[in-house]
Amino acid sequence: MHRAVLLSLSVALLLWPGCKDTNAPGNGDSPSNVVFPVRDVSYSVQVQPLFNQACNFGGCHDNGQHQSPLRLTEYGFAVLTVPGVVVAGNPDGSTLVLRIEGLGARMPPPPGNPLNQNQINGIRTWIVEGAKNN
């Protein structure tokens, strides 16, 4: 009897949706739950947490071994290391935006889920607003 209760609870926890609101603009199939505001995007509140959840893990844009020289673990690496990745004030000239929008090599690459539209718009807004370290 005790095992049956534990098994039922385990299955329920696996299927439990938790607090995730699938209608919220930051959720869906994105690898991150970060939701961006329409304006006043903060690097420390939205951008870096998005990078941490969607880009910075073994073999990708972390401090480990990976093919790309781009590390997205902190502002200086994300904005200054590889010229053209982030062009302050110019999202259409920023390689980061081209990649997350799926132009060229899509990031995150398959089979990973792409960022959702709110997150892409948020990165664009952050860049338009000057790509500040705020």
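## Stop 1: threonine 125

Select threonine 125 and show what surrounds it. Beyond the neighbours within four places in sequence, threonine 125 is in contact with Val38, Arg39 and Val41. The model is a predicted one, and these contacts belong to the prediction.

The C-alpha atoms of arginine 39 and threonine 125 are separated by 6.7 Å, although the two residues are 86 residues apart along the chain.

Is threonine 125 buried or exposed? Threonine 125 counts as buried because its relative accessibility is 19%, and the cut-off for buried is under 20%.

## Stop 2: the helix around it

## Stop 3

Colour the whole protein by pLDDT for context. The average is 78, and 75% of the residues score at least 70.

## Stop 4: the cysteines

Select cysteine 55 and cysteine 60 and show their sulfur atoms. How many disulfides does the structure hold? The count is zero. Cysteine 55 is in no disulfide, and the nearest cysteine sulfur, that of cysteine 60, is 8.0 Å away. From the side of cysteine 60, the closest cysteine sulfur is in cysteine 55, and 8.0 Å is too far for a bond, because a disulfide needs the sulfur atoms within 2.5 Å.

The two cysteines fall into separate classes of accessibility. Cysteine 55 is buried, with a relative accessible area of 15%. Cysteine 60 counts as partly exposed, at 22%.

## Stop 5: the whole protein

Clear the selection and switch to a cartoon view. The protein has five helices and zero strands, so the pattern along the sequence reads α-α-α-α-α.

Next, show the surface. The protein exposes about 8100 Å², with carbon and sulfur atoms supplying 59% of that area. Of its 134 residues, 33% count as buried.

Finally, consider contacts with a separation of 6 or more: residues 24 or more positions apart account for 48% of them.

Technical notes: Residues are numbered from 1 along each chain as its sequence is written. This is a predicted model: local features need pLDDT of at least 70, side-chain atom pairs count only at pLDDT 80 or more; totals for chains, interfaces and linings use all residues. Side-chain values use heavy atoms; hydrogens and water are left out. Helices (H or I, at least four residues) and strands (E, at least two) are DSSP runs, numbered from the N terminus. Buried means under 20% relative accessible area, exposed over 50%, partly exposed in between (1.4 Å probe, protein chains only). Contact means heavy atoms within 4.5 Å. Accessible areas come from the Shrake-Rupley method with a 1.4 Å probe; for residues, only the protein chains shown count as cover. pLDDT is the predictor's confidence in each residue, from 0 to 100.
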